[in-house]
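Please look over the sequence and the model below before reading on. The questions that follow go through the fold, some single residues, and the spaces between them.

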Amino acid sequence: MEMWDCYTWDRQKLDHQHPRGVPLAQGEYHLVVEIWTVNRRGEILLTQRHPDKPYGCLWEMSGGSVLAGETSREGASRELREEVGLMCPPEDLVVRGWSIVDLYRFDHDFDVAALTLQPEEVVAARSVTREEFLTLASQKQIVPHVSLEFQLYEKKILSGNSQ
């Protein structure tokens with residue numbers, strides 16, 4: 001059973017863990033990570049969600065829940081490896097967010113055809129330009145929170161500026 005460390009809204013770790021699939025108590029949170037993988041041409045790696053998942057068949061970045069005992073960076077590295085087969089040392093991830101959902105950028109010249117997709121999570125992958133991303137978002141083909149994050153964090157995520 002997948003377990004999560006529990007936190008307060010301001011990232012203070014609580015003294016207990018929580019099983020995935022059970023609603024968290026009010027005022028408790030768990031860490032979620034999202035990795036924006038960007039190649040040297042500035043294209044973003046998108047993955048298509050499995051049809052049986054919420055927002056099935058919509059596009060998003062790699063990411064997921066941080067497991068109990070993992071740091072945010074370790075969780076992001078694991079999610080990237082599990083979902084698309086990219087090996088990324090945690091120290092190569094650049095923090096781009098500052099909330100309970102940690103956003104990372106991973107500069108990597110990925111080859112979509114060479115990715116190893118996790119079948120229960122991801123059914124397809126593609127690279128897109130900024131303009132293609134915005135078109136997909138306007139067509140409501142991107143998971144809603146990802147579209148919002150893109151708008152809010154575009155300069156921080158895609159630029160070379162950290163925090």
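This is a predicted model: local features need pLDDT of at least 70, side-chain atom pairs count only at pLDDT 80 or more; totals for chains, interfaces and linings use all residues.

Q: How far apart are the C-alpha atoms of Leu46 and Leu58?
A: Along the chain, Leu46 and Leu58 are 12 residues apart.

Q: What pattern of helices and strands does the protein chain follow?
A: The protein chain has three helices and nine strands, and 44% of its 163 residues are buried. Read along the sequence, the order of these elements is β-β-β-β-β-β-α-β-β-β-α-α.

Q: Which residues of helix α2 are buried, and why are they on the same side of α2?
A: An α-helix has 3.6 residues a turn, so residues three or four places apart point the same way. In helix α2, which spans residues 130–138, the buried residues are Phe133, Leu136 and Ala137. They are on the same side of α2 because they cover an arc (that of the directions from the helix axis to the C-beta atoms) of only 100 degrees.

Q: How many aromatic pairs does the structure hold, and which parts does the pair tie together?
A: Rings of Phe, Tyr and Trp (its six-membered ring) pair if their centres lie within 6.5 Å, and planes under 30 degrees apart count as stacked, over 60 as edge-to-face and the rest as tilted; by this definition the structure holds one aromatic pair. The rings of Trp36 and Phe133 have centres 6.2 Å apart and planes at 40 degrees, so the pair is tilted. Trp36 is buried at a relative accessible area of 0%, and Phe133 is likewise buried at 0%. Since Trp36 lies in β3 (residues 32–38) and Phe133 in α2, the pair ties together parts 97 residues apart in sequence, namely strand β3 and helix α2.

Q: Which residue lies over the face of Trp59?
A: A charge sits over a ring if NZ of Lys or CZ of Arg is within 6 Å of the ring centre and within 35 degrees of the ring normal. At 5.2 Å from the ring centre of Trp59, the residue over its face is Arg126.

Q: Where is Lys140, and what is its phi?
A: Most residues other than glycine have a negative phi, and most peptide bonds are trans. Lys140 lies in the loop between α2 and α3, and at 69% relative accessibility it counts as exposed. Its phi is positive, near 60 degrees.

Q: What is the phi of Cys57?
A: Cys57 is found in the loop between β4 (44–49) and β5 (59–60), and it is partly exposed, with a relative accessible area of 37%. Its phi is a positive value in a residue other than glycine, near 70 degrees.

Q: Which residues are closest to the centre of the largest pocket?
A: On a 1 Å grid over the protein atoms alone, a pocket is an open set of points with protein on both sides within 12 Å along at least five of seven lines, a cavity is a set where a 1.4 Å probe fits but cannot get out, and lining residues have an atom within 4 Å of a point. The largest pocket has a volume of about 530 Å³, volume being the space filled by probe spheres set on grid points joined across faces, edges and corners. β3, β6 (62–65), α1 (72–84) and α3 (144–158) each supply at least two residues of its lining. Of the 27 lining residues, the closest to its centre are Arg20, Arg49, Gly63, Gly64 and Ser65.

Q: Which residues line the largest cavity?
A: The count comes to one cavity of 30 Å³ or more, and about 30 Å³ of space lies in the largest cavity. The residues that line it are Trp4, Asp5, Tyr7, His30, Leu31, Val66, Leu67 and Glu70.

Key:
Residues are numbered from 1 along each chain as its sequence is written. Side-chain values use heavy atoms; hydrogens and water are left out. Buried means under 20% relative accessible area, exposed over 50%, partly exposed in between (1.4 Å probe, protein chains only). Helices (H or I, at least four residues) and strands (E, at least two) are DSSP runs, numbered from the N terminus.
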